[in-house]
Amino acid sequence: AEAVGLYNLGQTCCLNSLLQVFLMNIRFTRILRRITVPSSPAQRRSSVPYQMLLLLEKMQCGKCKAVGPRDLAYCLSEHKVKLFVQYDAAQLFLTLWNLLKKQMKKPELVKELTDLYMICVQEHLTCQKCSFEMKNNSTMLTLPLPMLDANSHKLKTLEDCLQYFFHPEELTGQNVCFCQQCGKKTNFLQSVKLVHLPQTLTLHLKRFCFESSFYTYKLSHSLPFPQELDFSEVLTEDQCQADDSEKATWQYELFAVVAHSGSTSCGHYCAYIRSLTECKWYCFNDSQVCQVSWDDVKCTYGHSSLYWTETAYLLIYMKKHPQ
């Protein structure tokens, strides 16, 4: 009786899907269970980690098929997360994660949460004239993967999207940079190299395209993604800034898919999650939870002729051999 649904409070399908992905992740709940319970009722009401823990306990008491995340939703609304509006799952994931991190008081829990989700990359800018190089390390919660290349051609597989994301790009024309060594603006080569991957890795398929400020359309073409993914095989030597012991941990298994159906303005989210204890796939569609097969999950690859089709939007992978 481990898979419990969440009632939709009115356009909360996006929140519900993300909560299920958090709470079905045993490594996340291990951190959550160790938080300090806030002392006053008012602090408890406005603590996102604490309200998430209460929700988890409510889901695990095993009495009901579904529970309502009302207290957590009200708590989020206190932190400027509006209720009853359409959300973008990638943005809401970042918002929730930042609130959790900010409100987990113990430094060791903040560190564990960061280690669990944060990706580390190194950005390189190299002058094409004198080879002067600037490097900058940065962290990301998700890898935002383009679905189209620079010529608007569809990328065919998840591996193609990953390679394209780490592919060097020439900065010419209007995008030239100032080179300190040459003392003038020159053409630069910009590249991103992978330094470190977390235990729980979130990939964001950029299916929503912004044509203009008011018009967004969805790329619903098919993009297959594998159940098992080894980054050291997908990326070239040049695209990595990591030693062999780090690369040895880059073998992943798919843990969850947050899928979007409908159009950009009127859509619905649900989550497909592989239970880590039973290794079975479930579909969490608000209060409805049912066991599904890998073939059902593959239906979220997408289909270009079906505009309303259900398509994977966030892919969450889990390390196979954590250190």
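How much space lies in the largest cavity? The volume is about 90 Å³. The model is predicted, so local features need pLDDT of at least 70 and side-chain atom pairs count only at pLDDT 80 or more, while totals for chains, interfaces and linings use all residues. Residues are numbered from 1 along each chain as its sequence is written, and side-chain values use heavy atoms, with hydrogens and water left out.

A cavity is a set of points, on a 1 Å grid over the protein atoms alone, where a 1.4 Å probe fits but cannot get out. Lining residues have an atom within 4 Å of a point. Grid points are joined across faces, edges and corners, and a volume is the space filled by probe spheres set on the points. Three cavities of 30 Å³ or more are counted by this rule.

The largest cavity is lined by residues including L18, V21, F22 and N25, together with F93, Y117, F255 and I316. Two or more lining residues come from each of α1 (13–23), β10 (200–206), β14 (251–262) and β18 (311–319). Helices (H or I, at least four residues) and strands (E, at least two) are DSSP runs, numbered from the N terminus. The most is given by α1, with three residues. By class, this lining holds nine nonpolar, three polar and no charged residues. Ala, Val, Leu, Ile, Met, Phe, Trp, Tyr, Cys and Pro count as nonpolar, Asp, Glu, Lys and Arg as charged, and the others, Gly among them, as polar.

The second largest cavity has a volume of about 70 Å³. Among its lining residues are Q11, T12, K82, F84 and Y87. Eight residues of this lining are nonpolar, two are polar and one is charged.

Disulfides (pairs of cysteine sulfur atoms within 2.5 Å) were searched for across the whole structure. C130 is in no disulfide, and the nearest cysteine sulfur, that of C182, is 3.6 Å away. C130 is partly exposed, at 26% relative accessibility. Buried means under 20% relative accessible area, exposed over 50%, and partly exposed in between (1.4 Å probe, protein chains only). C177 is buried, at 17%. The closest cysteine sulfur to that of C177 is in C127, 9.3 Å away and too far for a bond.

In helix α8 (residues 158–165), the buried residues are L158, C161, L162 and F165. They lie on the same side of α8, because they cover an arc of only 100° around the axis. The arc is that of the directions from the helix axis to the C-beta atoms. An α-helix has 3.6 residues a turn, so residues three or four places apart point the same way.

How values were computed:
On a 1 Å grid over the protein atoms alone, a cavity is a set of points where a 1.4 Å probe fits but cannot get out, and a pocket is an open set with protein on both sides within 12 Å along at least five of seven lines; lining residues have an atom within 4 Å of a point.
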